[in-house]
Amino acid sequence: MFNNDLPVKIQFEKYYTIVIEFFTKNKLYFGFMDQLQASPIITNESKSVGYNAIEGAISLLIKGKNEHIIKNIDNDELLQFIGGSILSYLRWINLPDHNNKSLKNQITLVWDAIKE
């Protein structure tokens, strides 16, 4: 999914798009994850497994910060913001009155928020 030869911004855009497309195609999985993500039954072990699944995104954030492309904010805080935007966007596009909501605009908004 990540190609270190590409600029950080392009990698971020691809990652964000892939995540949105995955959850759009797997709406039941998204619904399950959406409800589970705030559950008190999630253990530290479960969180650790979840972090392994986003290792590439964490590495990308670190690379972006090292290159002064992404704001020097704690990774957990950046991930919370990015993940929150993904959840919010997916909930929004799943509304019955959804019409031409732009993923490109969403990506631009999130990128503009985290870039240096």
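This is a predicted model: local features need pLDDT of at least 70, side-chain atom pairs count only at pLDDT 80 or more; totals for chains, interfaces and linings use all residues.
Local features require pLDDT of at least 70 and side-chain atom pairs pLDDT 80 or more, whereas totals for chains, interfaces and linings use all residues. Residues are numbered from 1 along each chain as its sequence is written, and side-chain values use heavy atoms, with hydrogens and water left out.

Helices are DSSP runs (H or I, at least four residues) numbered from the N terminus. Axes are lines fitted to C-alpha atoms over the stretch in contact, and angles run from 0 to 180 degrees between N-to-C directions. The axes of α1 (8-25) and α2 (27-36) come within 5 Å and cross at roughly 105°. Helix α1 is therefore roughly perpendicular to α2 (angles of 65 to 115 degrees; under 35 counts as roughly parallel, over 145 as roughly antiparallel and the rest as oblique). Contact (heavy atoms within 4.5 Å) involves F22, F23, T24 and K25 of α1 and K27, Y29, F30 and M33 of α2. Five of the residues in the contact of α1 with α2 are nonpolar, one is polar and two are charged. In this classification Ala, Val, Leu, Ile, Met, Phe, Trp, Tyr, Cys and Pro count as nonpolar, Asp, Glu, Lys and Arg as charged, and the others, Gly among them, as polar.

Helix α1 also packs with α4, their axes coming within 10 Å and crossing at roughly 155°. This makes α1 roughly antiparallel to α4. The crossing of α1 and α4 is left-handed (the near helix turned anticlockwise from the far one by less than a right angle; right-handed if clockwise). From α1 the contact takes V8, Q11, F12 and Y15, and from α4 A57, L60, K63 and G64; five of these residues are nonpolar, two polar and one charged.

Helices α5 (residues 75-93) and α6 (residues 103-114) pack at about 165°, with axes 11 Å apart, and are therefore roughly antiparallel. Their crossing is right-handed. L78, F81, I82, S85 and Y89 in α5 meet L103, Q106, V110, A113 and I114 in α6, a contact of eight nonpolar, two polar and no charged residues.

The largest pocket has a volume of about 1,300 Å³. On a 1 Å grid over the protein atoms alone, a pocket is an open set of points where a 1.4 Å probe fits, with protein on both sides within 12 Å along at least five of seven lines; lining residues have an atom within 4 Å of a point. Grid points are joined across faces, edges and corners, and the volume is the space filled by probe spheres set on the points. Of its 32 lining residues, M33, Q37, G50, I54 and G83 are closest to the centre. Helix α5 gives the most to the lining, with nine residues. The lining divides into 23 nonpolar, six polar and three charged residues.

Conventions: Helices (H or I, at least four residues) and strands (E, at least two) are DSSP runs, numbered from the N terminus.
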